[in-house]
Amino acid sequence: MTKTIILLLSITMLISGCNSSGEKDEYTVVSNDLYDVDLTIEGPQENDSYILMKTNCYACHNPKAKSHDDILAPPFKAVKMHYVRAYDTKEEFVDAMVNWIQNPDEQNALMPGAVKRFKVMPKLPLPTEDLEKIASYIYDNNIEEPVWMEEHMKGKKGRM
């Protein structure tokens, strides 16, 4: 019996060791006529939450979009600004963002202008844990701002 347990543990450890090569995953550039998203991970933001955000969200919330007309959804910098105004704590911010992503509804939108422009986002089939990591990352970090955003926001003064 003891030999069987030792054998099973050894096999499990061997399989686990084979599955983790220690190498970084490599990501490619996603592009079409509307946007280019460089999914190469670099700099101090190399963590699971950032990678989840970049690979699952930047196809639509792309901070590299050439203009406001080329983006498919509002940039996360603007999303963060609205959520920080509406929610006092990180926990409320994360809960609200996760709830929105899991149950997007025009009546509950914090950004009615974005919904009018882009429509309500589709439900994303991501695990709640991943959504919480993404929302926490957005809350805790300075999110990249598109080069056109400052000028766009100046034009919105008084209409927000």
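This is a predicted model: local features need pLDDT of at least 70, side-chain atom pairs count only at pLDDT 80 or more; totals for chains, interfaces and linings use all residues.
Reader: Why does Lys 133 count as partly exposed?

Author: Its relative accessibility is 27%. With a 1.4 Å probe and protein chains only, buried means under 20% relative accessible area, exposed over 50%, and partly exposed in between, so Lys 133 is partly exposed. Glu 129, at 51%, is exposed. Residues are numbered from 1 along each chain as its sequence is written, and side-chain values use heavy atoms, leaving out hydrogens and water.

Reader: What makes Lys 133 and Glu 129 a salt bridge?

Author: The rule asks for a side-chain nitrogen of Lys or Arg within 4 Å of a carboxyl oxygen of Asp or Glu. Here the closest N and O atoms are 3.6 Å apart, so the pair qualifies. Both residues lie in helix 6, four residues apart, about one turn of the helix. Helices are DSSP runs (H or I, at least four residues; strands are E, at least two), numbered from the N terminus.

Reader: Good. How many salt bridges does that rule give?

Author: The count is three. Lys 64 pairs with Glu 144, with the closest N and O atoms 2.6 Å apart. Lys 64 sits in the loop between helix 2 and helix 3, and Glu 144 in the loop between helix 6 and helix 7 (149-156), so this pair ties together parts 80 residues apart in sequence. Lys 90 and Asp 140 also form one, at 2.6 Å; Lys 90 lies in helix 4 and Asp 140 in helix 6, so parts 50 residues apart are tied together.

Reader: How do you know what volume the largest pocket has?

Author: On a 1 Å grid over the protein atoms alone, a pocket is an open set of points where a 1.4 Å probe fits, with protein on both sides within 12 Å along at least five of seven lines. Points are joined across faces, edges and corners, and the volume is the space filled by probe spheres set on them. That comes to about 480 Å³ for the largest pocket. Among its 28 lining residues (an atom within 4 Å of a point), the closest to the centre are His 61, Ala 73, Pro 74, Trp 100 and Met 121.

Reader: And how does the lining of the largest pocket divide?

Author: Into 25 nonpolar, two polar and one charged. Nonpolar covers Ala, Val, Leu, Ile, Met, Phe, Trp, Tyr, Cys and Pro; charged covers Asp, Glu, Lys and Arg; the others, Gly among them, are polar.
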